[in-house]
Amino acid sequence: MDRWKAVYAQKTSARVLADVIGGADIFLGLSAPNVLKPEMVQSMADQPLVMALANPNPEIMPDEARKARPDAMICTGRSDFPNQVNNVLCFPFIFRGALDVGATGINEEMKHAAVEAIAQLARDPPSDAVARGFDSGETQGFGPGSLIPSPFDPRLILRIAPAVARAAMESGVATRPIKNFDEYTALLERFAFRSGLVMKPVFAKAKTQPVRVIYAEGEDERVLRATQVVLEEKLARPILVGRPSVVEARLKRFGLSIKAGQDFDLVNPEDDPRYRSYVQTYIDVAGRRGVTPEAARTVVRTNNTVIAALAVVRGEADAMLCGVEGRYMSHLRHVREIVGFLPGVSDFAALSMMITSKGSYFIADTQVRPNPSAEELAEMASLAAIHVHRFNMKPRVAFVSHSDFGSYDSDASRKMRRATALLKEKHPEIEADGEMQGDTALSAAARKLVLPHSKLEGDANILIMPSLDTANVAYQMIKTLADALPVGPILIGPARPAHILTSGVTARGVLNMTAVAAVEAQECAGRPQLG
(Lines give C-alpha, C1' and ligand atoms only; values in the text may rest on other atoms or scores of the structure.)
Protein backbone atom coordinates (compact mmCIF):
# COMPACT_ATOMS: atom_id res chain seq x y z
CA MET A 1 0.00 0.00 0.00
CA ASP A 2 1.11 3.59 -0.65
CA ARG A 3 -0.51 6.99 -0.37
CA TRP A 4 -1.73 6.99 -3.97
CA LYS A 5 -3.46 3.61 -3.70
CA ALA A 6 -4.77 4.41 -0.24
CA VAL A 7 -7.14 7.02 -1.68
CA TYR A 8 -9.04 4.29 -3.51
CA ALA A 9 -8.67 1.35 -1.11
CA GLN A 10 -11.84 0.00 0.52
CA LYS A 11 -12.35 -2.45 3.34
CA THR A 12 -13.49 -5.75 1.90
CA SER A 13 -13.33 -9.46 2.49
CA ALA A 14 -12.53 -10.00 -1.23
CA ARG A 15 -9.01 -11.28 -1.78
CA VAL A 16 -8.70 -12.13 -5.48
CA LEU A 17 -9.69 -10.36 -8.70
CA ALA A 18 -12.46 -12.88 -9.45
CA ASP A 19 -14.20 -11.82 -6.20
CA VAL A 20 -14.72 -8.23 -7.37
CA ILE A 21 -14.79 -8.25 -11.19
CA GLY A 22 -18.44 -9.33 -11.53
CA GLY A 23 -20.65 -6.46 -12.76
CA ALA A 24 -17.71 -4.07 -13.08
CA ASP A 25 -17.90 -1.44 -15.83
CA ILE A 26 -14.15 -0.81 -16.07
CA PHE A 27 -11.03 -2.91 -15.60
CA LEU A 28 -7.85 -0.86 -15.23
CA GLY A 29 -4.78 -3.03 -15.14
CA LEU A 30 -1.19 -1.94 -14.64
CA SER A 31 0.01 -5.22 -13.23
CA ALA A 32 1.15 -8.44 -14.88
CA PRO A 33 0.40 -10.66 -17.90
CA ASN A 34 -2.64 -12.94 -18.04
CA VAL A 35 -4.16 -12.01 -14.67
CA LEU A 36 -7.54 -11.21 -16.27
CA LYS A 37 -9.21 -14.43 -17.42
CA PRO A 38 -11.85 -14.66 -20.17
CA GLU A 39 -14.48 -15.85 -17.68
CA MET A 40 -13.83 -12.74 -15.58
CA VAL A 41 -14.46 -10.50 -18.61
CA GLN A 42 -17.69 -12.42 -19.26
CA SER A 43 -18.91 -11.52 -15.79
CA MET A 44 -18.46 -7.75 -16.29
CA ALA A 45 -21.30 -5.29 -17.02
CA ASP A 46 -22.59 -4.54 -20.52
CA GLN A 47 -20.09 -2.90 -22.89
CA PRO A 48 -17.22 -3.05 -20.40
CA LEU A 49 -14.07 -0.98 -20.80
CA VAL A 50 -11.04 -3.25 -20.47
CA MET A 51 -7.79 -1.32 -20.08
CA ALA A 52 -5.14 -4.03 -19.99
CA LEU A 53 -2.02 -1.88 -19.84
CA ALA A 54 0.71 -4.23 -18.60
CA ASN A 55 3.69 -4.27 -20.99
CA PRO A 56 4.91 -6.03 -23.00
CA ASN A 57 2.13 -8.56 -22.39
CA PRO A 58 -1.24 -7.23 -21.21
CA GLU A 59 -3.44 -8.70 -18.47
CA ILE A 60 -5.50 -10.27 -21.27
CA MET A 61 -4.84 -10.32 -25.00
CA PRO A 62 -7.37 -8.28 -27.02
CA ASP A 63 -8.49 -11.23 -29.15
CA GLU A 64 -9.25 -13.30 -26.02
CA ALA A 65 -11.17 -10.44 -24.41
CA ARG A 66 -13.16 -9.80 -27.57
CA LYS A 67 -13.95 -13.49 -27.95
CA ALA A 68 -15.26 -13.57 -24.39
CA ARG A 69 -17.17 -10.30 -24.73
CA PRO A 70 -17.73 -9.02 -28.29
CA ASP A 71 -19.21 -5.82 -26.87
CA ALA A 72 -16.11 -4.93 -24.85
CA MET A 73 -14.04 -1.82 -25.47
CA ILE A 74 -10.40 -2.84 -25.22
CA CYS A 75 -7.27 -0.76 -24.73
CA THR A 76 -3.65 -1.87 -24.31
CA GLY A 77 -0.27 -0.20 -24.01
CA ARG A 78 0.98 -1.82 -27.21
CA SER A 79 1.33 -0.18 -30.62
CA ASP A 80 0.34 -3.33 -32.53
CA PHE A 81 -3.26 -3.16 -31.29
CA PRO A 82 -5.87 -0.41 -31.67
CA ASN A 83 -6.51 1.99 -28.77
CA GLN A 84 -2.94 2.25 -27.51
CA VAL A 85 -2.72 4.11 -24.20
CA ASN A 86 0.62 5.85 -24.41
CA ASN A 87 2.00 9.14 -23.11
CA VAL A 88 3.44 9.83 -26.57
CA LEU A 89 -0.04 11.13 -27.39
CA CYS A 90 0.30 14.07 -25.05
CA PHE A 91 3.74 14.74 -23.59
CA PRO A 92 5.53 16.19 -26.67
CA PHE A 93 2.64 18.55 -27.32
CA ILE A 94 2.08 19.55 -23.69
CA PHE A 95 5.71 20.67 -23.63
CA ARG A 96 5.29 22.46 -26.98
CA GLY A 97 2.39 24.53 -25.66
CA ALA A 98 4.10 25.15 -22.30
CA LEU A 99 7.37 26.29 -23.90
CA ASP A 100 5.64 28.56 -26.41
CA VAL A 101 4.00 30.61 -23.64
CA GLY A 102 6.97 30.37 -21.27
CA ALA A 103 4.93 28.52 -18.64
CA THR A 104 6.50 28.44 -15.17
CA GLY A 105 5.07 24.98 -14.58
CA ILE A 106 2.67 22.35 -15.90
CA ASN A 107 -0.47 22.41 -13.77
CA GLU A 108 -3.69 20.41 -13.62
CA GLU A 109 -5.51 22.88 -15.86
CA MET A 110 -2.98 22.30 -18.63
CA LYS A 111 -3.25 18.53 -18.25
CA HIS A 112 -7.05 18.70 -18.41
CA ALA A 113 -6.81 20.84 -21.54
CA ALA A 114 -4.61 18.20 -23.18
CA VAL A 115 -7.08 15.46 -22.25
CA GLU A 116 -10.02 17.42 -23.66
CA ALA A 117 -8.15 18.08 -26.90
CA ILE A 118 -7.30 14.39 -27.31
CA ALA A 119 -10.89 13.41 -26.56
CA GLN A 120 -12.20 15.81 -29.21
CA LEU A 121 -9.72 14.56 -31.81
CA ALA A 122 -10.79 10.99 -31.10
CA ARG A 123 -14.29 11.94 -32.24
CA ASP A 124 -13.15 13.58 -35.46
CA PRO A 125 -12.84 11.61 -38.73
CA PRO A 126 -9.43 9.92 -39.10
CA SER A 127 -6.83 11.77 -41.13
CA ASP A 128 -5.25 10.55 -44.34
CA ALA A 129 -1.96 9.86 -42.54
CA VAL A 130 -3.75 7.58 -40.06
CA ALA A 131 -5.77 5.85 -42.77
CA ARG A 132 -2.59 4.86 -44.62
CA GLY A 133 -1.59 2.84 -41.55
CA PHE A 134 -4.50 0.43 -42.01
CA ASP A 135 -3.60 -2.48 -44.27
CA SER A 136 -7.19 -2.98 -45.36
CA GLY A 137 -7.63 0.70 -46.20
CA GLU A 138 -10.73 0.71 -44.00
CA THR A 139 -10.76 3.00 -41.01
CA GLN A 140 -13.25 3.24 -38.20
CA GLY A 141 -14.97 6.27 -36.81
CA PHE A 142 -15.20 6.92 -33.09
CA GLY A 143 -16.45 3.82 -31.29
CA PRO A 144 -15.27 0.64 -29.55
CA GLY A 145 -12.59 0.02 -32.18
CA SER A 146 -11.32 3.60 -32.18
CA LEU A 147 -11.46 5.25 -28.76
CA ILE A 148 -8.07 6.95 -28.84
CA PRO A 149 -6.34 8.90 -31.65
CA SER A 150 -3.38 7.30 -33.35
CA PRO A 151 0.05 8.52 -32.15
CA PHE A 152 0.81 9.10 -35.84
CA ASP A 153 -2.05 11.58 -36.32
CA PRO A 154 -0.35 14.83 -37.42
CA ARG A 155 -3.24 16.85 -35.96
CA LEU A 156 -2.24 16.07 -32.37
CA ILE A 157 0.16 19.00 -32.19
CA LEU A 158 -2.43 21.32 -33.75
CA ARG A 159 -5.01 20.45 -31.09
CA ILE A 160 -3.03 19.85 -27.90
CA ALA A 161 -0.37 22.57 -28.00
CA PRO A 162 -2.82 25.49 -28.45
CA ALA A 163 -5.17 24.04 -25.80
CA VAL A 164 -2.32 23.72 -23.31
CA ALA A 165 -0.99 27.19 -24.13
CA ARG A 166 -4.43 28.72 -23.62
CA ALA A 167 -4.89 26.86 -20.32
CA ALA A 168 -1.50 28.11 -19.12
CA MET A 169 -2.54 31.68 -19.92
CA GLU A 170 -5.92 31.34 -18.21
CA SER A 171 -4.40 29.73 -15.11
CA GLY A 172 -1.78 32.46 -14.76
CA VAL A 173 1.44 30.51 -15.35
CA ALA A 174 2.24 31.89 -18.83
CA THR A 175 5.02 34.50 -19.01
CA ARG A 176 4.72 35.03 -22.82
CA PRO A 177 0.99 34.99 -23.66
CA ILE A 178 0.06 34.28 -27.26
CA LYS A 179 -1.73 37.24 -28.84
CA ASN A 180 -3.07 35.60 -31.99
CA PHE A 181 -3.97 31.90 -31.81
CA ASP A 182 -4.78 31.69 -35.52
CA GLU A 183 -1.21 32.71 -36.33
CA TYR A 184 0.13 30.34 -33.67
CA THR A 185 -1.82 27.39 -35.09
CA ALA A 186 -0.62 28.24 -38.59
CA LEU A 187 2.95 28.24 -37.28
CA LEU A 188 2.45 24.77 -35.78
CA GLU A 189 1.39 23.44 -39.18
CA ARG A 190 5.03 23.48 -40.28
CA PHE A 191 5.59 20.64 -37.78
CA ALA A 192 2.45 18.73 -38.78
CA PHE A 193 2.62 19.21 -42.56
CA ARG A 194 5.79 20.03 -44.46
CA SER A 195 3.74 21.98 -46.99
CA GLY A 196 1.99 24.02 -44.29
CA LEU A 197 4.30 27.04 -44.22
CA VAL A 198 4.68 27.27 -48.00
CA MET A 199 0.94 26.83 -48.61
CA LYS A 200 -0.08 29.31 -45.89
CA PRO A 201 -0.58 32.38 -48.14
CA VAL A 202 -2.54 30.34 -50.67
CA PHE A 203 -4.79 28.84 -47.98
CA ALA A 204 -5.34 32.26 -46.43
CA LYS A 205 -6.34 33.77 -49.78
CA ALA A 206 -8.64 30.84 -50.64
CA LYS A 207 -10.59 31.36 -47.41
CA THR A 208 -11.36 34.99 -48.20
CA GLN A 209 -13.82 34.15 -50.97
CA PRO A 210 -14.72 30.45 -51.21
CA VAL A 211 -15.36 29.33 -54.77
CA ARG A 212 -16.92 26.17 -56.20
CA VAL A 213 -14.39 23.41 -56.94
CA ILE A 214 -15.56 20.28 -58.75
CA TYR A 215 -13.70 16.96 -58.30
CA ALA A 216 -14.00 14.52 -61.21
CA GLU A 217 -13.09 11.46 -59.10
CA GLY A 218 -15.56 12.09 -56.29
CA GLU A 219 -15.66 8.44 -55.25
CA ASP A 220 -11.91 8.20 -54.55
CA GLU A 221 -10.86 7.93 -50.90
CA ARG A 222 -8.26 10.70 -51.21
CA VAL A 223 -10.80 13.10 -52.69
CA LEU A 224 -13.34 12.28 -49.97
CA ARG A 225 -10.78 12.83 -47.21
CA ALA A 226 -9.63 16.06 -48.81
CA THR A 227 -13.25 17.21 -49.10
CA GLN A 228 -13.70 16.72 -45.35
CA VAL A 229 -10.74 19.04 -44.67
CA VAL A 230 -11.74 21.53 -47.38
CA LEU A 231 -15.02 21.98 -45.52
CA GLU A 232 -13.35 22.18 -42.12
CA GLU A 233 -10.89 24.80 -43.40
CA LYS A 234 -13.59 26.64 -45.41
CA LEU A 235 -11.33 26.64 -48.48
CA ALA A 236 -14.03 26.07 -51.10
CA ARG A 237 -17.51 24.77 -51.80
CA PRO A 238 -16.94 21.20 -53.04
CA ILE A 239 -18.83 19.53 -55.87
CA LEU A 240 -18.15 15.80 -56.31
CA VAL A 241 -18.84 13.71 -59.40
CA GLY A 242 -19.82 10.22 -58.28
CA ARG A 243 -22.57 7.70 -57.76
CA PRO A 244 -24.55 8.53 -54.60
CA SER A 245 -24.64 4.97 -53.26
CA VAL A 246 -20.87 4.53 -53.72
CA VAL A 247 -20.02 7.90 -52.18
CA GLU A 248 -22.27 7.26 -49.18
CA ALA A 249 -20.84 3.77 -48.61
CA ARG A 250 -17.25 5.01 -48.79
CA LEU A 251 -17.86 7.95 -46.49
CA LYS A 252 -19.15 5.46 -43.94
CA ARG A 253 -16.30 3.04 -44.57
CA PHE A 254 -13.64 5.72 -44.10
CA GLY A 255 -15.27 7.17 -40.99
CA LEU A 256 -15.99 10.58 -42.56
CA SER A 257 -18.84 12.72 -41.23
CA ILE A 258 -19.66 14.83 -44.30
CA LYS A 259 -22.93 14.26 -46.19
CA ALA A 260 -23.90 14.77 -49.81
CA GLY A 261 -26.49 17.50 -50.34
CA GLN A 262 -25.78 18.92 -46.91
CA ASP A 263 -22.03 19.60 -46.90
CA PHE A 264 -21.22 19.22 -50.60
CA ASP A 265 -23.03 18.93 -53.92
CA LEU A 266 -23.01 15.63 -55.77
CA VAL A 267 -23.27 15.14 -59.52
CA ASN A 268 -24.54 11.65 -60.36
CA PRO A 269 -23.08 10.72 -63.77
CA GLU A 270 -25.70 7.99 -64.20
CA ASP A 271 -28.72 10.20 -63.56
CA ASP A 272 -28.29 13.96 -63.85
CA PRO A 273 -31.26 16.14 -64.88
CA ARG A 274 -28.89 18.37 -66.89
CA TYR A 275 -27.69 15.47 -69.03
CA ARG A 276 -29.20 16.69 -72.31
CA SER A 277 -27.93 20.23 -71.88
CA TYR A 278 -24.47 18.89 -70.97
CA VAL A 279 -24.46 16.85 -74.18
CA GLN A 280 -25.37 19.93 -76.20
CA THR A 281 -22.65 21.99 -74.49
CA TYR A 282 -20.12 19.27 -75.28
CA ILE A 283 -21.15 19.30 -78.94
CA ASP A 284 -20.96 23.10 -79.02
CA VAL A 285 -17.43 23.32 -77.62
CA ALA A 286 -15.90 20.15 -79.10
CA GLY A 287 -18.01 19.33 -82.15
CA ARG A 288 -15.37 20.58 -84.55
CA ARG A 289 -12.77 18.36 -82.89
CA GLY A 290 -14.37 15.12 -84.02
CA VAL A 291 -16.99 14.75 -81.26
CA THR A 292 -20.21 13.50 -82.87
CA PRO A 293 -23.62 13.78 -81.15
CA GLU A 294 -23.67 10.01 -80.57
CA ALA A 295 -20.19 10.05 -79.04
CA ALA A 296 -21.12 13.06 -76.91
CA ARG A 297 -24.13 11.24 -75.43
CA THR A 298 -21.92 8.31 -74.42
CA VAL A 299 -18.99 10.32 -73.08
CA VAL A 300 -21.12 12.68 -70.97
CA ARG A 301 -22.63 9.65 -69.27
CA THR A 302 -19.37 7.78 -68.68
CA ASN A 303 -16.46 10.23 -68.40
CA ASN A 304 -16.26 12.18 -65.14
CA THR A 305 -13.50 14.49 -66.37
CA VAL A 306 -15.73 15.59 -69.24
CA ILE A 307 -18.58 16.24 -66.80
CA ALA A 308 -16.33 18.32 -64.53
CA ALA A 309 -14.91 20.30 -67.46
CA LEU A 310 -18.38 21.02 -68.82
CA ALA A 311 -19.52 22.20 -65.38
CA VAL A 312 -16.65 24.71 -65.36
CA VAL A 313 -17.36 25.91 -68.92
CA ARG A 314 -21.07 26.30 -68.14
CA GLY A 315 -20.28 28.37 -65.04
CA GLU A 316 -21.68 25.77 -62.62
CA ALA A 317 -18.24 25.36 -61.04
CA ASP A 318 -15.33 27.78 -60.78
CA ALA A 319 -12.45 25.30 -60.93
CA MET A 320 -11.89 21.60 -61.49
CA LEU A 321 -9.52 18.89 -60.30
CA CYS A 322 -9.10 15.53 -62.04
CA GLY A 323 -6.37 12.95 -62.70
CA VAL A 324 -6.45 11.08 -59.39
CA GLU A 325 -7.31 8.02 -61.48
CA GLY A 326 -6.36 7.21 -65.07
CA ARG A 327 -3.72 8.49 -67.49
CA TYR A 328 -2.63 12.12 -67.43
CA MET A 329 -2.77 12.54 -71.20
CA SER A 330 -6.32 11.21 -71.39
CA HIS A 331 -7.49 13.85 -68.95
CA LEU A 332 -5.42 16.48 -70.76
CA ARG A 333 -7.15 15.74 -74.06
CA HIS A 334 -10.58 16.42 -72.58
CA VAL A 335 -9.47 19.58 -70.78
CA ARG A 336 -7.87 20.82 -74.00
CA GLU A 337 -10.96 20.25 -76.14
CA ILE A 338 -13.52 21.57 -73.60
CA VAL A 339 -11.83 24.21 -71.43
CA GLY A 340 -9.35 25.47 -74.02
CA PHE A 341 -6.50 27.96 -73.64
CA LEU A 342 -6.04 31.45 -72.31
CA PRO A 343 -5.95 34.08 -75.10
CA GLY A 344 -2.57 33.99 -76.80
CA VAL A 345 -1.45 30.72 -75.18
CA SER A 346 -0.31 28.04 -77.62
CA ASP A 347 -0.57 24.99 -75.35
CA PHE A 348 -0.68 23.83 -71.75
CA ALA A 349 2.33 23.12 -69.55
CA ALA A 350 2.72 21.44 -66.17
CA LEU A 351 4.41 23.29 -63.32
CA SER A 352 5.51 21.03 -60.47
CA MET A 353 6.43 22.49 -57.10
CA MET A 354 9.06 20.78 -54.93
CA ILE A 355 9.29 21.60 -51.23
CA THR A 356 12.77 20.66 -50.01
CA SER A 357 14.83 21.30 -46.89
CA LYS A 358 16.67 24.02 -48.82
CA GLY A 359 13.59 25.81 -50.12
CA SER A 360 10.76 25.54 -52.64
CA TYR A 361 11.35 25.18 -56.37
CA PHE A 362 9.08 25.05 -59.43
CA ILE A 363 9.97 22.91 -62.46
CA ALA A 364 8.37 23.09 -65.92
CA ASP A 365 7.27 21.38 -68.07
CA THR A 366 7.03 18.03 -66.29
CA GLN A 367 4.03 16.53 -68.13
CA VAL A 368 2.87 18.07 -71.41
CA ARG A 369 5.26 19.40 -74.10
CA PRO A 370 7.94 16.93 -75.30
CA ASN A 371 10.24 19.46 -76.99
CA PRO A 372 8.99 23.04 -76.59
CA SER A 373 10.35 25.81 -78.80
CA ALA A 374 12.08 28.92 -77.47
CA GLU A 375 8.81 30.84 -77.88
CA GLU A 376 6.91 28.19 -75.93
CA LEU A 377 9.52 28.16 -73.16
CA ALA A 378 9.30 31.95 -72.75
CA GLU A 379 5.51 31.71 -72.64
CA MET A 380 5.77 28.90 -70.09
CA ALA A 381 8.07 30.96 -67.87
CA SER A 382 5.77 33.99 -67.85
CA LEU A 383 2.75 31.87 -66.90
CA ALA A 384 4.75 30.07 -64.21
CA ALA A 385 5.70 33.43 -62.68
CA ILE A 386 2.01 34.25 -62.16
CA HIS A 387 1.50 31.09 -60.10
CA VAL A 388 4.66 31.65 -58.06
CA HIS A 389 3.42 35.13 -57.12
CA ARG A 390 0.39 33.46 -55.53
CA PHE A 391 2.71 31.80 -53.03
CA ASN A 392 4.00 35.23 -51.97
CA MET A 393 7.34 34.44 -53.62
CA LYS A 394 9.28 36.62 -56.01
CA PRO A 395 9.69 34.66 -59.27
CA ARG A 396 13.30 34.07 -60.28
CA VAL A 397 13.52 32.21 -63.57
CA ALA A 398 16.47 30.14 -64.78
CA PHE A 399 16.47 28.60 -68.25
CA VAL A 400 18.42 25.44 -67.51
CA SER A 401 20.74 23.78 -70.00
CA HIS A 402 23.87 21.65 -70.31
CA SER A 403 25.51 24.91 -71.35
CA ASP A 404 26.62 27.62 -68.92
CA PHE A 405 26.29 31.03 -70.60
CA GLY A 406 27.76 29.91 -73.90
CA SER A 407 30.14 27.19 -72.69
CA TYR A 408 28.57 24.84 -75.28
CA ASP A 409 27.07 25.75 -78.63
CA SER A 410 24.31 23.33 -79.57
CA ASP A 411 20.73 23.47 -80.78
CA ALA A 412 19.48 22.96 -77.19
CA SER A 413 21.68 25.68 -75.70
CA ARG A 414 20.77 28.14 -78.47
CA LYS A 415 17.10 27.41 -77.82
CA MET A 416 17.42 28.22 -74.12
CA ARG A 417 19.46 31.34 -74.93
CA ARG A 418 16.74 32.56 -77.28
CA ALA A 419 13.99 31.74 -74.76
CA THR A 420 15.78 33.92 -72.21
CA ALA A 421 15.94 36.82 -74.67
CA LEU A 422 12.27 36.47 -75.60
CA LEU A 423 11.16 36.51 -71.98
CA LYS A 424 13.27 39.60 -71.22
CA GLU A 425 11.83 41.33 -74.28
CA LYS A 426 8.18 40.57 -73.50
CA HIS A 427 8.36 40.61 -69.69
CA PRO A 428 11.29 42.73 -68.53
CA GLU A 429 9.71 42.90 -65.07
CA ILE A 430 10.42 39.18 -64.48
CA GLU A 431 13.86 38.41 -63.02
CA ALA A 432 15.37 35.79 -65.33
CA ASP A 433 18.56 34.59 -66.96
CA GLY A 434 19.98 31.69 -68.95
CA GLU A 435 21.12 29.50 -70.45
CA MET A 436 22.77 28.04 -67.35
CA GLN A 437 23.57 24.74 -65.73
CA GLY A 438 21.57 23.46 -62.76
CA ASP A 439 24.14 24.26 -60.08
CA THR A 440 24.57 27.76 -61.48
CA ALA A 441 20.82 28.28 -61.31
CA LEU A 442 20.58 27.14 -57.70
CA SER A 443 23.61 29.00 -56.34
CA ALA A 444 24.05 32.76 -56.62
CA ALA A 445 27.68 32.35 -55.52
CA ALA A 446 28.42 29.84 -58.30
CA ARG A 447 26.64 32.05 -60.84
CA LYS A 448 28.68 35.10 -59.81
CA LEU A 449 31.89 33.21 -60.66
CA VAL A 450 30.62 32.36 -64.13
CA LEU A 451 28.77 35.59 -64.97
CA PRO A 452 29.27 38.37 -62.38
CA HIS A 453 26.76 40.68 -64.09
CA SER A 454 23.85 38.24 -64.29
CA LYS A 455 20.41 39.87 -64.05
CA LEU A 456 19.23 37.04 -61.82
CA GLU A 457 19.70 37.80 -58.13
CA GLY A 458 19.71 35.05 -55.51
CA ASP A 459 18.83 31.43 -56.17
CA ALA A 460 16.38 30.64 -58.96
CA ASN A 461 13.02 29.23 -57.89
CA ILE A 462 11.56 28.56 -61.36
CA LEU A 463 13.56 26.07 -63.41
CA ILE A 464 12.53 26.01 -67.06
CA MET A 465 13.87 22.82 -68.64
CA PRO A 466 14.63 22.35 -72.35
CA SER A 467 12.44 19.26 -72.77
CA LEU A 468 9.85 17.07 -71.11
CA ASP A 469 12.49 14.39 -70.52
CA THR A 470 14.82 16.68 -68.60
CA ALA A 471 12.02 18.28 -66.58
CA ASN A 472 10.39 15.01 -65.56
CA VAL A 473 13.69 13.28 -64.76
CA ALA A 474 14.81 16.24 -62.62
CA TYR A 475 11.45 16.29 -60.83
CA GLN A 476 11.48 12.57 -60.06
CA MET A 477 15.11 12.57 -58.88
CA ILE A 478 14.67 15.59 -56.60
CA LYS A 479 11.54 14.05 -55.13
CA THR A 480 13.37 10.83 -54.33
CA LEU A 481 16.90 11.88 -53.46
CA ALA A 482 16.00 15.04 -51.55
CA ASP A 483 12.88 13.54 -49.97
CA ALA A 484 11.04 16.53 -51.45
CA LEU A 485 7.32 17.07 -51.00
CA PRO A 486 5.58 17.68 -54.35
CA VAL A 487 2.67 20.07 -54.92
CA GLY A 488 0.86 19.80 -58.24
CA PRO A 489 1.29 19.43 -61.07
CA ILE A 490 -0.23 22.87 -61.67
CA LEU A 491 -1.65 23.11 -65.19
CA ILE A 492 -0.73 26.47 -66.67
CA GLY A 493 -2.50 27.99 -69.66
CA PRO A 494 -6.17 26.84 -69.44
CA ALA A 495 -8.94 29.38 -70.07
CA ARG A 496 -10.46 28.47 -66.72
CA PRO A 497 -8.85 26.88 -63.65
CA ALA A 498 -8.43 23.18 -64.44
CA HIS A 499 -5.75 20.99 -62.91
CA ILE A 500 -4.78 17.40 -63.62
CA LEU A 501 -3.23 15.56 -60.69
CA THR A 502 -1.38 12.25 -60.83
CA SER A 503 -2.33 8.83 -59.52
CA GLY A 504 0.25 9.03 -56.71
CA VAL A 505 -1.28 12.12 -55.13
CA THR A 506 -2.23 11.99 -51.44
CA ALA A 507 -5.30 13.49 -49.77
CA ARG A 508 -3.06 16.33 -48.56
CA GLY A 509 -1.94 16.84 -52.15
CA VAL A 510 -5.57 17.12 -53.28
CA LEU A 511 -6.16 19.62 -50.49
CA ASN A 512 -3.16 21.73 -51.51
CA MET A 513 -4.25 21.80 -55.14
CA THR A 514 -7.78 22.74 -54.08
CA ALA A 515 -6.33 25.90 -52.51
CA VAL A 516 -4.24 26.61 -55.63
CA ALA A 517 -7.28 26.18 -57.89
CA ALA A 518 -9.47 28.27 -55.60
CA VAL A 519 -7.08 31.24 -55.59
CA GLU A 520 -6.72 31.02 -59.36
CA ALA A 521 -10.52 31.01 -59.69
CA GLN A 522 -10.80 34.08 -57.47
CA GLU A 523 -8.44 35.97 -59.76
CA CYS A 524 -10.29 34.72 -62.84
CA ALA A 525 -13.62 35.98 -61.51
CA GLY A 526 -12.86 39.51 -62.66
CA ARG A 527 -11.47 38.41 -66.01
CA PRO A 528 -13.66 38.06 -69.13
CA GLN A 529 -14.37 34.39 -69.81
CA LEU A 530 -14.36 32.69 -73.18
CA GLY A 531 -17.25 30.48 -74.19
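I looked up the lining of the largest cavity and found N268, P269, D272, R274, Y275, Y278, V300, R301 and I307; here a cavity is a set of points on a 1 Å grid over the protein atoms alone where a 1.4 Å probe fits but cannot get out, and lining residues have an atom within 4 Å of a point. The model is predicted, so local features need pLDDT of at least 70 and side-chain atom pairs 80 or more, while totals for chains, interfaces and linings use all residues. Residues are numbered from 1 along each chain as its sequence is written, and side-chain values use heavy atoms, without hydrogens and water.

I noted that the search of the whole structure finds 1 cavity of 30 Å³ or more, and that the largest has a volume of about 60 Å³, a volume being the space filled by probe spheres set on the points. Its lining takes at least two residues from each of α13 (275-286) and α14 (293-302), the helices being DSSP runs of H or I with at least four residues, numbered from the N terminus.

I then turned to the nonpolar cores, which are sets of buried Ala, Val, Leu, Ile, Met, Phe, Trp, Tyr and Cys residues joined through side-chain atoms within 4.5 Å, where buried means under 20% relative accessible area with a 1.4 Å probe, protein chains only. The largest has 67 residues, and F391, V397 and F399 have the most contacts inside it. Apart from that core lies another of 36 residues, among them V267, V291, V335 and V368.

Finally, I recorded that 52% of the 531 residues of the protein chain count as buried.

Notes:
On a 1 Å grid over the protein atoms alone, a cavity is a set of points where a 1.4 Å probe fits but cannot get out, and a pocket is an open set with protein on both sides within 12 Å along at least five of seven lines; lining residues have an atom within 4 Å of a point. Buried means under 20% relative accessible area, exposed over 50%, partly exposed in between (1.4 Å probe, protein chains only).
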